[in-house]
Amino acid sequence: MKKRILMVAALIMATNVLASEIKPVLLSCPTLTMPVEAAVTRTEGTVQYRLTVNEKGAVESTSVTGDNVFFREVKSAMNKCKFEPGKPGVYEGTARFTVQ
């Protein structure tokens, strides 16, 4: 009886670990463009983003930190990203804006 309980507990823990290791797989995302305000002032910067992806592969929510002049552009583009269905979770990245 104790062996069965231990095996069941080990199986549950292993399943939870495997489920937490599944990450969203990015299929497509729009190209970011430099906001006009930042281009005029020749402002460069970065934005860290965190996307919550649902079971269908769509972005449910977006949070951003960094240089706020770029927030609107990053949120708009990231909300249009498509991910592989069946792999929900959190996708994180950094967007860099540079003046050429």
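## C81 and its disulfide

C81 is buried, with a relative accessible area of 1%. Buried means under 20% relative accessible area, exposed over 50%, and partly exposed in between (1.4 Å probe, protein chains only). The partner of C81 is C29, and the two sulfur atoms lie 1.7 Å apart in a disulfide. The pair joins distant parts of the chain, 52 residues apart. C29 sits in the loop between β1 (26-28) and α2 (36-40). C81 sits in the loop between α3 (71-78) and β4 (82-83). Helices (H or I, at least four residues) and strands (E, at least two) are DSSP runs, numbered from the N terminus.

C29 is partly exposed, at a relative accessible area of 30%. The count is 1 disulfide, taking a disulfide as a pair of cysteine sulfur atoms within 2.5 Å.

## Model and confidence

This is a predicted model: local features need pLDDT of at least 70, side-chain atom pairs count only at pLDDT 80 or more, and totals for chains, interfaces and linings use all residues. Residues are numbered from 1 along each chain as its sequence is written, and side-chain values use heavy atoms, with hydrogens and water left out.

The pLDDT is the predictor's confidence in each residue, from 0 to 100. Its mean over the chain is 85, and 79% of residues reach 70 or more. Among the elements, β4 has the highest mean pLDDT (98) and helix α1 (residues 2-21) the lowest (43). Over residues 1-19 the pLDDT is below 50. Beyond near neighbours in sequence, this stretch has 0 contacts in the model. A contact means heavy atoms within 4.5 Å. Where pLDDT is low, the predicted coordinates should not be read in detail.

## R42

R42 lies in the loop between α2 and β2 (45-53). The residue is exposed, with a relative accessible area of 56%. Leaving aside neighbours within four places in sequence, R42 is in contact with V99 and Q100. T98 is 56 residues from R42 in sequence. In space, the C-alpha to C-alpha distance between R42 and T98 is 8.4 Å.

## N54

N54 belongs to the loop between β2 and β3 (59-66). N54 is buried, at a relative accessible area of 18%. Its side chain reaches the backbone nitrogen of K56 at 3.0 Å. Setting aside neighbours within four places in sequence, N54 is in contact with E60 and P88.

Terms used. A polar contact is a pair of N or O atoms within 3.5 Å; within protein, one must be able to donate a hydrogen and the other to accept it, and residues adjacent in sequence count only if both atoms are side-chain atoms.
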